[in-house]
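Here is a short report for a reader new to this structure. Take a look at the model first, then read on.

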Amino acid sequence: GVKTENEGGAPRANEAAPVDPNEPRYCVCQRVSFGAMIACDNENCDMEWFHYSCVGLSTEAKFKGNWYCPACTAERRRLKKLEAKEAAAAAKK
């Protein structure tokens, strides 16, 4: 399911406070946690949490099912195509 920062998970960072150089970086922007964030449903995602605005989402967006970040979506498509090719090759044998 979809998780947002407000439901728990990613720590909150005060945007006005100085950024601790040891604070974890998230998202495609590689910035700290702030504002509304969404977690990628791929448990092996390298970045895990994303700022809504960085992945083109509105905070009013409603989700059904899982949400995957752009990198994980591309990887899932690549694997699906590979599986289809392998299945077609196996069917020809």
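## A salt bridge

The side chains of Glu75 and Arg78 meet in a salt bridge, with 2.9 Å from N to O. A salt bridge here is a side-chain nitrogen of Lys or Arg within 4 Å of a carboxyl oxygen of Asp or Glu. A search of the whole structure finds one such bridge. Both Glu75 and Arg78 lie in helix α1, three residues apart, about one turn of the helix.

How exposed are the two partners? Glu75 is partly exposed, with a relative accessible area of 35%. Arg78 is also partly exposed, at 45% relative accessibility. Buried means under 20% relative accessible area, exposed means over 50%, and partly exposed lies in between (1.4 Å probe, protein chains only).

## Model and numbering

This is a predicted model: local features need pLDDT of at least 70, side-chain atom pairs count only at pLDDT 80 or more, and totals for chains, interfaces and linings use all residues. Residues are numbered from 1 along each chain as its sequence is written, and side-chain values use heavy atoms, with hydrogens and water left out.

## Overall layout

The protein has one helix and two strands. Along the sequence they follow the pattern β-β-α. Helices (H or I, at least four residues) and strands (E, at least two) are DSSP runs, numbered from the N terminus.

Of the 93 residues of the protein, 27% count as buried. Contact means heavy atoms within 4.5 Å. Among contacts between residues at least 6 apart in sequence, 41% join residues at least 24 apart.

## The nonpolar core

Which residues have the most contacts inside the largest nonpolar core? They are Cys40, Cys45, Phe50, Trp67, Cys69 and Cys72, in a core of 15 residues. The elements that give two or more residues to this core are β1 and β2. Strand β1 gives the most, with three residues. A nonpolar core is a set of buried Ala, Val, Leu, Ile, Met, Phe, Trp, Tyr and Cys residues joined through side-chain atoms within 4.5 Å.

Two of the cysteines show who meets whom. Cys69 is found in the loop between β2 and α1. At 1% relative accessibility, Cys69 counts as buried. Leaving aside neighbours within four places in sequence, Cys69 is in contact with Cys40, Cys45 and Phe50. The C-alpha atoms of Cys69 and Val55 are separated by 7.5 Å, and the two residues are 14 apart along the chain. Cys72 touches Cys40, Asn42 and Cys45, not counting residues up to four places away in sequence.

## Aromatic rings

Rings of Phe, Tyr and Trp (its six-membered ring) pair if their centres lie within 6.5 Å; planes under 30 degrees apart count as stacked, over 60 as edge-to-face and the rest as tilted. By this rule the count comes to one aromatic pair. The rings of Phe50 and Trp67 have centres 5.7 Å apart and planes at 65°, so the pair is edge-to-face. The pair links distant parts of the chain: Phe50 is in strand β2 and Trp67 in the loop between β2 and α1 (70-92), 17 residues apart. Phe50 and Trp67 are buried.

Another ring meets a charge. The charged end of Arg76 sits over the ring of Tyr68, 3.9 Å from its centre. The rule asks for NZ of Lys or CZ of Arg within 6 Å of the ring centre and within 35 degrees of the ring normal.

## An aspartate in a loop

Asp41 lies in the loop between β1 (37-39) and β2 (49-51). Is Asp41 buried or exposed? Asp41 is buried, with a relative accessible area of 19%. A polar atom of the Asp41 side chain lies 2.7 Å from the backbone nitrogen of Trp67.

Cys27 is found in the segment before β1. Cys27 is buried, with a relative accessible area of 0%. Cys27 touches Met47, Trp49, Phe50, His51 and Cys54, not counting residues up to four places away in sequence. Cys27 and Phe50 are 23 residues apart in sequence and 4.2 Å apart in space, C-alpha to C-alpha.

Most residues other than glycine have a negative phi. Cys27 has a positive phi of about 75° although it is not a glycine. Gln30 also has a positive phi, near 60°. Gln30 is found in the segment before β1, and at 42% relative accessibility Gln30 counts as partly exposed.

Technical notes:
Polar contact = N/O pair within 3.5 Å; in protein donor to acceptor, adjacent residues only side chain to side chain.
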